[in-house]
Amino acid sequence: MIVPSPRAIQLTALAAPVGLALGVLAPAAWIAAPVWIIGVLALIVADAWLAKQPATTLPDLPATLNIGETFRLGSADLAAAIDGPVERSSPGEYRAVRRGRARLHRLWTRRIGPLGLAWRQVSRRTDRTIAILPDIRPVRDQGMRQYLNSISVGNRLRRDHGDGQDFQVLTDFQAGMERRSIDWKASARHASLLAREFHTERDNMIVFAIDAGRAMTDPVGDMPRIDRAVSSALLAAFVALKSGDRVRLYSFAARPQVDSGSIAGGTRGFARLHHAAADIDYGVEESNYTLGLVTLDQKLDRRALVVLFTEFTDTTSAELLLTAAQRMLKRHRVLFVLFRDLELEGLRDAVPDTADDLVRANVAHLLLRDRAIVVERLRRMGIDVIEAAADAMPLALVERYVSHRERGR
């Protein structure tokens, strides 16, 4: 394909004023304008013929990108048809704006001729996919420091020490130990206080279930709730895999979406989990808690800690959520993760200046009251609940997981 350059278009357009001027000054010379256009067209064709053959090889594209990162096609002479969560930031450069998969459908390559009048252009169909993943690097280092601090005693790292149920060793009772750890029979035999020391269980099953329905697509701060949930889940999953537990990532909206399956093998399995997170879609329908959680329960063949990231906007959806959660409690331990709605809290606590401000404050108060009632009902059912600000949630979840693990819960 031959594509004229801006220079060629300017030279062709120049024929109009030149022909008009010649037509006024010498009417018989009007033929010069079409001759000029034919000459320019001939030069365009010749320039395209002299241009080098465009490269047909695909550019070296990244397999994965974090949200906010950019990638280039290689040069400004490359253009592509790309669908998905990317936007063009400059010629030949694209920026990842949200999670998902960017798909490259067609690639155009061109080379300009020596006269600068035409490009020789070729196109090629392709099917390349780039996974856009949540960026957890800013919080991963903090999470690992918190994890290491939680399992260290003094200057000596004790990886398996904790308050689990697996007996490890008898040790001398020291100040600060709990009295219930004293083994009175062993102490009587040895005539000194001895305490039972336990180590935390390994190979536990941790399921991170993410509600991907309409309510979770609403932003909290500058990011949708679902993206914050995915980032928090991946950080906690990284720590869980580091601790020797099994991890599963699951999402649902009106129907089940993503299921990574049980992943073990330490941090080597984290890449599978990270890639599965890219397939969690942004739902536009209400969540079906019954279908989503029943399906998850059927897939689990052992007792697990189910960490559910969700959000409810009305009492009807809350009732359905409570019913489904109560069913999960029969076999599993459930932990609910809720992001504090700082926008509603701000409307409730703001001093009203007008009648509209007063109405907004009352509505915000009612919504937060209904939310608090649901949270209290969850806790009375025996479900743990984490409710924290969005920025503090990743580390709060890691801390709660480590606490549960050390106590054998």
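Biologist: Which helix gives the most to the nonpolar patch?

Modeller: Helix α3 (residues 32-50) does, with 3 residues. Keep in mind that this is a predicted model. The patch is formed by L14, V18, W36, I37 and L41, and together they have about 400 Å² of accessible area.

Biologist: Why is L41 called partly exposed?

Modeller: L41 sits in helix α3. Its relative accessible area is 45%. Buried means under 20% and exposed means over 50%, so L41 falls in between.

Biologist: How many aromatic pairs does a search of the whole structure find?

Modeller: The search finds 4.

Biologist: What makes the pair of F71 and Y94 stacked?

Modeller: Two values decide. The ring centres are 5.7 Å apart, and a pair needs them within 6.5 Å. The planes stand at 20 degrees, and stacked means under 30, so F71 and Y94 are a stacked pair.

Biologist: Which parts does the pair of F71 and Y94 tie together?

Modeller: F71 lies in strand β3 (residues 70-72) and Y94 in strand β6 (residues 93-96). The pair therefore links parts that are 23 residues apart in sequence.

Biologist: Are F71 and Y94 buried or exposed, and how do you know?

Modeller: F71 has a relative accessible area of 5%. Y94 has 9%. The limit for buried is under 20%, so F71 is buried and Y94 is buried.

Biologist: Which residues form an aromatic cluster?

Modeller: Y250, F252 and Y289 form one.

Biologist: Why is R371 said to lie over the face of F312?

Modeller: R371 is at 5.8 Å from the ring centre of F312. The distance limit is within 6 Å, so R371 meets that part of the rule.

Biologist: What makes strand β19 (residues 305-309) mostly covered?

Modeller: In β19, 5 of its 5 residues are buried. L305, V307 and F309 point one way, V306 and L308 the other way, and all are buried.

Biologist: How do you know that β19 pairs with β20?

Modeller: The two are joined by 5 bridges, in the parallel sense. Pairing takes at least two bridges, so β19 and β20 count as paired. V307 has L335 in β20 as its bridge partner.

Biologist: Where does V337 stand?

Modeller: V337 stands opposite I386 in β21. Strand β20 (residues 333-339) and β21 pair in the parallel sense over 5 bridges. In strand β21 (residues 384-388), 4 of its 5 residues are buried.

Definitions and conventions:
Residues numbered from 1 in each chain as written. Predicted model: local features only at pLDDT ≥ 70, side-chain atom pairs only at ≥ 80, totals over all residues. Heavy atoms only, no water. Phe/Tyr/Trp six-rings, centres within 6.5 Å; stacked < 30°, edge-to-face > 60°. Buried < 20%, exposed > 50% of the residue type's maximum accessible area, 1.4 Å probe, protein only. Lys NZ or Arg CZ within 6 Å of the ring centre and 35° of its normal. Patch = residues over 30% accessible without salt bridge, like charges linked within 9 Å, V, L, I, M, F, W, Y side chains within 5 Å. Areas by Shrake-Rupley, 256 points an atom, 1.4 Å probe, with all protein chains shown as cover. Salt bridge = Lys/Arg side-chain N within 4 Å of Asp/Glu carboxyl O.
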